[in-house]
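Here are my notes on the model you sent. They are meant to be read with the structure open.

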Amino acid sequence: QVQLVESGGGLVQAGGSLTLYCTASVNIFEFNGIRWYRQAPGKQREFVASINVGGKTNYAESAKGRFTISRDNVKNTMYLDMNMLKPEDTAVYYCNADLLSRDYWGQGTQVTVSS
């Protein structure tokens with residue numbers, strides 16, 4: 001059973017930083033891709049960042065230059081380093097991964113950025 005669990009969310013002032021963690025119940029080396037999404041209240045879930053098996057990364061325009069996605073295959077953990085946070089970054093952040101053409105999602109972790 002594949003499970004993803006996010007952590008690291010919290011309250012931070014604008015301009016501050018947070019690191020989000022997503023721990024998988026399986027070896028994340030097997031994942032074809034790992035992604036972070038976020039969803040603010042009343043809004044659609046949106047893509048934030050991704051990393052593939054070869055280490056290629058992609059970022060939403062809103063995340064470029066501020067967020068960094070990475071993974072540690074030994075710890076079965078993926079990360080989202082967030083810097084220079086803005087109030088508009090406030091959302092529930094979800095990790096997502098695909099394995100053998102199946103998608104898996106975590107429960108999400110709340111990030112709140114105050115002005």
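1. **Ground rules for the sheet.** Two strands count as paired if DSSP finds at least two bridges between them. Please keep in mind throughout that this is a predicted model.

2. **β8 and its partner β3.** Strand β8 covers residues 77-82. Five of its six residues are buried, so "buried" here means under 20% relative accessible area. Strand β3 (residues 18-24) runs antiparallel to β8, and six bridges join the two. Tyr21 stands opposite Tyr79 of β8. Leu18 has Met82 as its bridge partner in β8.

3. **β8 and its partner β7.** Strand β7 (residues 67-72) is also antiparallel to β8, with six bridges between them. Which residue of β8 is the bridge partner of Ser70? It is Tyr79. Tyr79 is also the residue that faces Tyr21. β7 and β8 make a hairpin with four residues between them. Look at Asn76 in that turn: its phi is positive, about 55°.

4. **The disulfide.** A search of the whole structure turns up one disulfide. A disulfide is a covalent bond between the sulfur atoms of two cysteines. Here the bond joins Cys22 to Cys95, with an S to S distance of 1.9 Å. Cys22 sits in strand β3 and Cys95 in strand β9, so the pair links distant parts of the chain, 73 residues apart. The torsion about the S-S bond is about 50°, so this disulfide is right-handed. Are the two cysteines buried or exposed? Cys22 and Cys95 are both buried.

5. **β4 and its neighbours.** Six of the seven residues of β4 are buried, so the rest of the structure largely encloses this strand. β4 spans residues 33-39. On one pairing, β4 meets strand β5 (residues 46-52) in the antiparallel sense over six bridges. Trp36 stands opposite Ala49 of β5. The two strands form a hairpin with six residues between them, and Gly42 in the turn has a positive phi of about 75°. β4 also pairs with β9, again antiparallel, over seven bridges. There, Arg38 stands opposite Tyr93 of β9.

6. **Ser50 in β5.** Ser50 lies in strand β5. Its relative accessibility is 12%, so it counts as buried. What does Ser50 touch, leaving aside neighbours within four places in sequence? Its contacts are Ile34, Arg35, Lys56, Thr57, Asn58 and Ile69.

7. **Arg35 and Asp103.** The whole structure holds six salt bridges. One of them joins Arg35 to Asp103, with the closest N and O atoms 3.9 Å apart. The cut-off is 4 Å, so the pair qualifies. Arg35 lies in β4 and Asp103 in strand β10 (residues 102-105), so the contact ties together parts 68 residues apart in sequence. Arg35 has 16% relative accessibility and therefore counts as buried.

8. **The salt-bridge network.** Arg38, Glu46, Arg66 and Asp89 are linked in a network of salt bridges. Start with Arg38 and Glu46: their closest N and O atoms are 2.7 Å apart. Arg38 is buried at 5% relative accessibility, whereas Glu46 is partly exposed at 37%. Next comes Asp89, which forms a salt bridge with Arg66 at 2.8 Å between the closest N and O atoms. Asp89 lies in the loop between β8 and β9 (91-99), and Arg66 in the loop between β6 (57-59) and β7, so this pair ties together parts 23 residues apart in sequence. Asp89 and Arg66 are both buried.

How values were computed. Residues are numbered from 1 along each chain as its sequence is written. This is a predicted model: local features need pLDDT of at least 70, side-chain atom pairs count only at pLDDT 80 or more; totals for chains, interfaces and linings use all residues. Side-chain values use heavy atoms; hydrogens and water are left out. Buried means under 20% relative accessible area, exposed over 50%, partly exposed in between (1.4 Å probe, protein chains only). A salt bridge is a side-chain nitrogen of Lys or Arg within 4 Å of a carboxyl oxygen of Asp or Glu. A disulfide is a pair of cysteine sulfur atoms within 2.5 Å. Contact means heavy atoms within 4.5 Å.
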